[in-house]
Amino acid sequence: MTDTTTPAPAAATAATAHRARRRIPTRTPHQAVRPGARRGGSLAALPWALPASAFVGVLLVYPFFRSVYGSFFEDNGFTSSYTGIDNYARLADDPIFGRSLLNTLMWVAGTLLLPVLLGLLIAVATHRSRFGGVARLVIVLPFAISAAATAVLWNFMLTSDGAVNQFLRGVGLDSWAQTWLLEWPQNTLALIVASTWQATGINVVLFAIGLRAIPRDTVEAAQLDGASGWRMFRYITLPQLRAVTVVVVGMAVVNSLKAFDMIWILTKGGPSRSSETLALTMYREAFRLFHVGYGSAIALVLSVIVVASSWAYLRRQMPDTGWAKA
């Protein structure tokens, strides 16, 4: 007897295979989820933001308002009494605070004139040059050193019998040898030079990035119009670096206002507190002399100076932004 079984039709086999496949849901354009229809709405991201907000609140917001509150008290860390604005009135009569404010202004001016200007000039001079990469690497290397290590190095150089004075005496320039860290204002100027040696590198990197971002077509068009040298720098390069310059100058101002570690290691604010800045004076008053209320007042003044100077600078540099107009 012959087997007469016939194979299933090809159409039935295809239908079975199609049913066996996992169906993948598709969504037509008119079925796309609207932003307002997301699960949880606008509050969906709240659980993710709460830890970061709590972290910022505990470490930044609360200490700030606690310092504002504490500045109205005479507090030695154990007992406190309300004194109103006496701590702020004391600032006006304190010669140490006046010297600290002057040193802080010197730091701001020195930071703008030296690291920023040198960083810009070095970046422009080494841009597209044959050994520009090597030169920038050498200049950037000090930035990789911590401020504490930089201070130790410059302390070795600037002490009365340090490397600088020994070199000057060795070449017959004995009259040029100075007590670099023991007299004002040369101690503050020496500290600014040490800070410049370290900070110039990062400015070179930022300006070099800005130079690479300048469109080549703009430079070539200016060259066809006869621009070169100073005119090229003044009318093409410098305007194109405006965004980078805003960042570099902003960072320099803020860093100079909060300068602390290098000053503390090199001079500890001395001699006779002559090289202190506002940040160092605040630290000494609050944590070394236990004048917590007075130190809080200095901290608030420093905060106001930082915020006001940053806001004024950014408003001047970016007048078209909405927040600047506000």
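**Exercise 1.** Over the ring of which residue does the charged end of Arg 99 sit?

*Solution.* The model is predicted: local features need pLDDT of at least 70, side-chain atom pairs count only at pLDDT 80 or more, and totals for chains, interfaces and linings use all residues. Residues are numbered from 1 along each chain as its sequence is written, and side-chain values use heavy atoms, without hydrogens or water. The test is CZ of Arg or NZ of Lys within 6 Å of the ring centre and within 35 degrees of the ring normal. Arg 99 has its charged end over the ring of Trp 184, 4.2 Å from the centre. Arg 90 has its charged end over Tyr 294, 3.7 Å from the ring centre.

**Exercise 2.** Classify the aromatic pair of Trp 230 and Phe 233.

*Solution.* Step one: apply the rule. Rings of Phe, Tyr and Trp (its six-membered ring) pair if their centres lie within 6.5 Å; planes under 30 degrees apart are stacked, over 60 edge-to-face, the rest tilted. The count comes to ten aromatic pairs. Step two: take the values. Trp 230 and Phe 233 lie 5.8 Å centre to centre with 40° between the planes, a tilted pair.

**Exercise 3.** Is Trp 230 buried or exposed? Is Phe 233 buried or exposed?

*Solution.* Buried means under 20% relative accessible area, exposed over 50%, partly exposed in between (1.4 Å probe, protein chains only). Trp 230 has 60% relative accessibility, so Trp 230 is exposed. Phe 233 has 16%, so Phe 233 is buried.
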